[in-house]
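Here are a few notes to read alongside the model.

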Amino acid sequence: MRNGDTPQLIGRAPHLQTLQDAVDRARHGDGSCVVVVGDAGAGKSSLLDAVLAQAQQESAEGAGWRVLTASGVQAEAQLPYAALHSVLRPVMERTATIPAGQRAALRAAFGMEDAAGSEPFLIALATLSALSDEAANRPVLLVIDDAHWLDRPSQDVIGFLARRVGRERIALVLATRPGESTFPQQPGVTVLAADPLNEEQAGTLLDRTGPQLSATDRQHVLDEAAGIPLALVELPAMWATQRVGDRPRRPGGVPLNDRLEQSFVYRLQDLPDRTRDSLLVAAIDSETRTPEILAAASRLASRTLDISVLDPAQRAGLIRYDESQIRFRHPLVRSGIVQREPAARVQNAHRALAEVLDDEPYRQVWHRAYSVVGPDDSIADDLEHAHTESLRRGSAPAAIAALERSAELTQNPQVKGRRLLLAAEHAFSLGRADLVDRLVSAASVLPLTPLDRGRMEWLSEIFNDGVPGDGARIFELAELAADAAASADTDLALNLLMGAALRCWWAEPGDRARHHVVEVTQRLSHAETDPRYTAVLAVADPLHSATTAKRLYDAVVLETLTDANQLRLYGMAAHAVSDPEAVIDFLSRAESRLREQGRLAMLSHAVTMQILNHIELGNWDQAVTCSAEGLLLAQESGQPVWDTGTHSLKAIVEALRGNHEESEAIAARAELEANGRRLSDLLACVLIARGFAALTDGRPSDALDLLLRVFDEHDIAYHPTERFHAVAYLAEAAVRSGRHDDIRNLIQVLDAEAAITPSPTLHVHLDYAHAVLEPDSRAEAVYRKALADVPIRWSLARARLELAFGSWLRRQRRVAESRGMLRSAAATLTSIGADYWSEQARNELRAAGERLTDTPAAGVETLSAQELQIARLAAQGLSNREIGARLFLSPRTVGSHLYRIFPKLGVSSRAQLAARLQPA
């Protein structure tokens, strides 16, 4: 398209070329998302119109684009997925072939099906699946104007798409205002800033739109327009109406957007009253349907109106309409109409709309809510009821808005407080600490019931875990829990105790506080079967309550447990106790269900808590995969603490793999963020990562100094059970640096702790420590007992014991005996990817007289974490669609990954993957 085809495109040729290039790439499978950012009138809409015109022309020529469009509307902000429904309406038939769970979630979001509340990410995945299926037949162009005014759930879906269309024949082109949308911050998005035109470009445009202006007026318009294309189009006509004699009346300090809005509003004054009635209804309506708008306008005007009433508005250049839809020429027209009308008229228009929406009670109650100013308990009750519909459609933000407005209209202060706290609970589900704090603060000044007061304290606590030394707050939460239990609200009691327990986990509060949380928990009647009960005991006091917690979760029949959150809580308890096998068993099962349900926030917890435990069991490639996905999920679901936690664990993974610079960079970032909140748990992981890095870098004395801090009760990085994961490495560092005596007393302390906790990690690590520290005269028996006791699934622990024992045997001149141990150790450590120790085993074998040849690279190490995940799932026989559903990718993206995976692994079919991925 040439610059001259549309006045507002003057000066926008580079932007238009970038947009068209992106659309062209998408046609060939290189999907893209481009966001045009600019103030109102910057020409964003004209750029989108040009892209649409080009696609429509290509379609007419046989290119076959599927064009989908939508525009953000301020009034839609409280209607979940309104914009998404508008986008997908033309391709809803594609949902018939997507997975049933996704299809049900999408239909529930649109109010087309009664179903339980759906997770937003499952709805987003369903959208991706439907568009991907459509793109398999013809490329898809999705164009959205005023994206900053989309309802929040639709924005989230578009953001999800933007990150995942890279290998699809899908182009997303969006227009938004600066600072009003999350899109520019999303990875994978190209941002084009529609800056003001320069002086030459502005002059060229004004010559076309205001040739009648005198030289003086021309300069005035240029000054006022400040390079904004829409202003250069609209102000010339407005200028003639703002003269006092021969001098222009300057608008003074009125913002440009307001002046442009006034230029549209000025045209309203000559319109018939009934036309203005119709425009007012259209301006506040979240839908664009002509029959609905005319029906409501007829109520407002108290007479029947037909479609001809819209003609004057179209002639004035304010709208475009047909029998099905009414579209405003520019969003400023809509806002100008609403701003011009008295508040009472706007309320009457909302009331008129509500009267014609009997078949849509959800929209109806919102218009009723906008139609009143003072308290109205009837509408407040209906809004509280409507919030459940928002949840059913998968939109917690809309539910929160409904409850807030309900509270505003409520007269009873206790009921008002309850509704605000309920809204805060939903804000917690979104991870919105700022919103929770605001809602709780509003409720705190109201006369709450005792139970609601306890609920408020729990909500106040949720995002404030881990203040060090704050034992008083832990006692306060425990006492509130006791009060809740006395009022027979065990659910609230367990929630409060979970908050107290997490404070005990993130930072060291002292034994007295820990024991009090456990004591109050154990007083709860008939609560032992609730997984929160087990989790509270383990998390609050993982050393002294480990025996009880392990008894409780060991009694669970895993195959009968299907609730993802219950599985997650039992996995959390096992993680606190340091029981890797139980952690993996519970959390891998939880992970599968959370993937099916699209619950990314909880999935991030389930994935991240597996990292250390996969390391212990020798599943290092799984640990790598979990750390990569855990970071993505934490960022995508907006959980900064879990993001920091995953970074600290990823630093451990990279340290063990010998990637020292990367490990230190990650650890430094995690340390900075954890120090800000003095989170001892995460700081312990940072020190462990640095200690492991020093050990695998050949600096055992440095490693010992770093790791000893994790065992020092006076150090901020001390943690009662995270330190268990460092015991064996601490012993190895002491042996290699010749500093055995530095840890003998510590080992005795750990032995005493092992007598009161069944923690498998502590016992396995202590077995290694005793073996390598034992004098030669008694070492063999200790080695053999440790090897006999190591659990079957602990391949890393067994291999490191075999390496240490084989090395000891060789030093005792029992060379022939040593070789078997060393061969087994070398094979296992190589398959795990523990290069530092596998090289030690190979060197010991050479010293034992064994001739070794270099082992060719297996190819697996060339895969990224996501590629390895996809390869494994494909090797299990899952289809591309099934893999995509698990990893929140489209089938086409999965296929593209496999296309690159096959040559990396030297295979040509899925059937060969399983053998290629087997450990050497």
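**Notes on a helix, a cavity and a core**

1. Eight of the 11 residues of α36 are buried, so this helix is largely enclosed by the rest of the structure. Buried here means under 20% relative accessible area, with a 1.4 Å probe and protein chains only; helices are DSSP runs (H or I, at least four residues), numbered from the N terminus. The buried residues of α36 include A728, Y729 and E732. Just after α36, G738 has a positive phi of about 70°.

2. A word on the source: this is a predicted model, where local features need pLDDT of at least 70, side-chain atom pairs count only at pLDDT 80 or more, and totals for chains, interfaces and linings use all residues. Residues are numbered from 1 along each chain as its sequence is written, and side-chain values use heavy atoms, leaving out hydrogens and water.

3. Which residues line the largest cavity? They are E616, A728, Y729, V764, H765, Y768, L796, A797 and R800. A cavity is a set of points on a 1 Å grid over the protein atoms alone where a 1.4 Å probe fits but cannot get out, and lining residues have an atom within 4 Å of a point. Helices α36, α38 and α40 each give at least two residues to this lining.

4. Of its 203 residues, I652 and W837 touch the most other members. Helix α34 supplies the largest share of this core, 12 residues.

5. Beyond four places in sequence, W837 has contacts (heavy atoms within 4.5 Å) that include Y729, E732 and R800.

Notes:
On a 1 Å grid over the protein atoms alone, a cavity is a set of points where a 1.4 Å probe fits but cannot get out, and a pocket is an open set with protein on both sides within 12 Å along at least five of seven lines; lining residues have an atom within 4 Å of a point. A nonpolar core is a set of buried Ala, Val, Leu, Ile, Met, Phe, Trp, Tyr and Cys residues joined through side-chain atoms within 4.5 Å. Buried means under 20% relative accessible area, exposed over 50%, partly exposed in between (1.4 Å probe, protein chains only).
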